[in-house]
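Hello,

Here is the structure I promised to pass on. Please open it first, then read my notes below.

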Amino acid sequence: MNFFERQRVVRRISRRFVVLFVIAVLAIVAVIDVVAVLAYGTQRPAWDIVVQVLWVSALVIAGIGLTSLVRTHLLSEWGGGGVAERLGGVLVPSDTTDPRLRRLRNVVEEMAIASGVPVPEIYLLPNENRINAFAAGFSPADAAIAVTHGALERLNRDELQGVIAHEFSHIVHGDMRLNIRLMGTLFGILVLAIVGRLMFNTRRRPPLVIIGLALIVVGYVGVFFGRMIKAAVSRQREYLADASAVQYTRQTAGLAGALKKIGGLGSQLRSGRAEDVSHMLFGEGFRAMFATHPPLVDRIWVLEPTFDRRQLDVLSRRWAQDPPSGLAEDEALGLAGGGSTRPAGPAPDPLPAADALPAPEARIPVRPDDVVTSIGSVGSSGATVLDAIPAQLLDHARDPETVLPLVFGLLLAHDPRSRANQLTVLTDHYGDGFAEATRAATSRLAELHPGLRLPLAEVAFPALRRRPRAEREAAVACVQALIHVDGRIDVFEYCLSRLLHRELYESTHRSAPWQGRRTPREVAQRAAARLFALLAQAGSDDPEVAGGAYVAGLSRLVPGKPIPFDPPTEGAVALEEAWPALDALEGLEKEFLVAGMVTVIGHDGVMTVSEIELLRTVCALLRCPLPPLGQAQPEQVVPDPGQRS
C-alpha cells in the first residue's frame, strides 16, 4: 500500500467515522425528544409538541456540535506539544548530554530526515514507567512525539526505532488529525451527561429532573458507543502503522522486540488523562471494555509467525526479577552508549562516510513510478545525512536563539542583486545586527552540499516553533517579503521559502496559509500546467527541450488534453496562485500530479542533486513527503555524459 492508497484508506475511515457520529447524534436527539415530550405531557396541541421537539433537537445538536468544535479547536491550538504536556510530558532539550535522551533525539531526527518531514518536537513522560509512546498534533508542522520513561529505559535502539517508526507512520499518513477529531467528538457527547447532571441536581422542576436523568443516561451511553467506534477505528490503523514501521526500518526484530517487552512489562499509563489519548498510543494505555489496539499477540504474530504466546509469560517472570536495560543491550550489540547513528537495518553494518552523498554535479537515474511509490516511505540515509551536516550548523539549527539567522541564510538568493535586496528587507524587519548575522550564516552555508539544505531546514523547524508567537508572526511576514522582493529568485529558492512560510504559518495558526477547498478541475489543471512549465524552464535553457519535458509531464496528469507551454514571465512567484488548487487535489489526482513533476524534472531519465532537492521541496509543499533519493545508493550514480539535450 503506497502513500496515496493509505491516504484513501484514512479518508475512508474518516468518512465512516463522520457517518457513525451523525447516526449517534440523531439517535441521541430522538431519545431526548421522546423523553422531553413525555416529561411535559402529551395532552397538548400537536403544534406545541412539534415546536418543543424542534427546539430540543436544535439545542441538543447545537450543544454537541459547538462543544465538539470548540474542543477540537482547543486541541489543535495546543498542538502536539500541548497534548504531551497535559499528560506530564517534558520537552527533550536539543543539547541534552543524557545518553538515553541523546539516543532518542538521534532516532527521531534520523527518521524525520529519512522520511522528508519536519522534525517533530520530542517529549519524555518522566512519570510513566511502562512502555508506551504517541504522536500528536494537527499536522506535521505542529507534531510532537512523546515516549515514556519506561520506553527510554527498557528498549534498545532497534526497538526504540521500531516504536518511533510506528509513530512516524501516524504523522506521515495524517492519522493525527483524525485522532484530534475523535477526542473533540467524544467530549461533545460527554457534555450531555455533564449538563444532565446539572439539571438533575436542581430537583425543583420535575420535568427538568426527568430530562436531566435522560441526558445523563444518553450521554454516557453515547460515550460508550463513541468509545466503541474509536476503538474500532484505532485497531484498524494500528495494523497499518505496524506495517509501515516495518517498511520504514526494513526489519521486524525491533518492532517485535518492543511489543514483547510491552507484553512482559506492560504499557498502561498512570495519568488520569490516559483514556483521552488511548487511541493515539503505541500500546494499550489503560484497561477498558473496548480495546483500542489489536491483541498484542496478534501484532507479534504478524511480525513473527512462529512466535509462541507462552514466551510472554517466561519473559514476564524473567523481567520481574531482572528488568531489561536498553543501553546495556545496545552495548552488547556494539553500540557504545546507545547514541550511535547507525542507519536502520537488520545488521550493524558500518555507517557510510559523509562523502557517500553523491557529488553535487552527479546525475542519478530515476523512474517516475519508483519515485511515486517511495512517497510516504523512509529512506535509509537519515543518519548519513545528519552526519554529513557540519556540527556547528546543526547546533545553530537546534538552538531557538540562533535558528532564525541560519534559516534566513538558507533562503537568501544566489543572485547578488536579489541577495542585496533581501538583506535590505531583513534590515528593515530586524535591524543591522540580524542582517549581518544572516550574511555570516550564508557564508557558512555556501559550501553546504545542495542535498543538505532541505534536511537542515527540517532539523530547524522544532527550534522555530519554540520561538514566541509574535516572533513567528514576524518571521512569516518577513519570509513573504523575501519571496516578493524582486521576482528574481530561482524556483528552488522560492519553493524552500514558501515551504518555510507554510510551516511557520501552520505552527502558529493551525491552518494552511491558503484555503484547501476543492477547485474546479480546469483551474487545477491550469495550476499544474503553470508548475510544470516553471519546472521545465528551470531544467533547461533550451525552449525546445523544456517544452518536450513539459508536454511529457502534462500527459501524465491530463492525457490527451494539450495545454500550451507558456512559462510565466514573472518567474517562480507566479506559483503563488497555484498552491491552493494543487494542495486541494486528493488521491489519484495528486498521485498523477507528482508523477508528472518527476517526468518533467527527470525527462532525460536522470536528475542532478539540485533537481532532486527541488522535487522534494515541491512534494513537501504538496504534503507528499519524499525521502532522499540516490543518497543511500551511491553505486547508482552515473557519470555526467555532458550537457542535457
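One point before the findings: this is a predicted model.

Look for Arg250 in the loop between helix H7 (206-249) and helix H8 (253-265). Its relative accessibility is 41%, so Arg250 counts as partly exposed.

Next, helix packing. Two packed helices are described by the angle between their axes and by the distance between those axes.

Take H18 and H25. Helix H25 covers residues 609-621, and H18 packs against it at an angle of about 35 degrees. The axes of H18 and H25 are 9 Å apart. H18 brings Leu454, Pro455 and Glu458 to the contact. H25 brings Glu613, Arg616 and Thr617. By type, the residues of this contact are 2 nonpolar, 1 polar and 3 charged.

H18 packs with H20 too. H18 runs over residues 453-465 and H20 over residues 491-509. The angle between H18 and H20 is about 25 degrees, and their axes are 11 Å apart. That angle is under 35 degrees, so H18 is roughly parallel to H20. The crossing of H18 past H20 is right-handed. From H18, the contact uses Arg453, Leu454, Ala457, Phe461, Leu464 and Arg465. From H20, it uses Phe492, Leu496, Leu499, Leu500, Glu503, Leu504 and Ser507. The residues of the contact of H18 with H20 divide into 9 nonpolar, 1 polar and 3 charged.

How many residues does the largest nonpolar core have? The count is 143. Residues with the most contacts inside this core are Ile164, Phe408, Leu456, Trp579, Leu582, Met597 and Leu615. Helix H21 (residues 521-539) gives the most to the core, with 10 residues. Met597 is worth a click. Leaving out residues up to four places away in sequence, Met597 touches Leu531, Phe532, Leu535, Leu615, Val618, Cys619 and Leu622. There is also a second, separate core of 18 residues. Tyr123, Ala144, Ile180 and Met183 are among them.

Met111 has its place in helix H3 (residues 99-115). With a relative accessible area of 5%, Met111 is buried. Which residues does Met111 touch, not counting residues up to four places away in sequence? They are Gln161, Ile164, Ala165, Phe168, Tyr248, Thr249 and Val378. Met111 and Ala165 are 54 residues apart along the chain, yet their C-alpha atoms are separated by 7.0 Å.

Ala435 belongs to helix H17 (residues 432-445). Ala435 is buried as well, with a relative accessible area of 4%. Ala435 and Thr424 lie 11 residues apart along the chain, and 7.9 Å separates their C-alpha atoms.

Best wishes

How values were computed. Residues numbered from 1 in each chain as written. Predicted model: local features only at pLDDT ≥ 70, side-chain atom pairs only at ≥ 80, totals over all residues. Heavy atoms only, no water. Axes fitted to C-alpha atoms, helices over the stretch in contact; angles between N-to-C directions. Helix = DSSP H or I, 4+ residues; strand = E, 2+ residues; numbered from the N terminus. Parallel < 35°, antiparallel > 145°, perpendicular 65-115°, else oblique. Left-handed = near helix turned anticlockwise from the far one by under 90°. Contact = heavy atoms within 4.5 Å. Nonpolar A, V, L, I, M, F, W, Y, C, P; charged D, E, K, R; others polar. Core = buried A, V, L, I, M, F, W, Y, C linked by side-chain atoms within 4.5 Å. Buried < 20%, exposed > 50% of the residue type's maximum accessible area, 1.4 Å probe, protein only.
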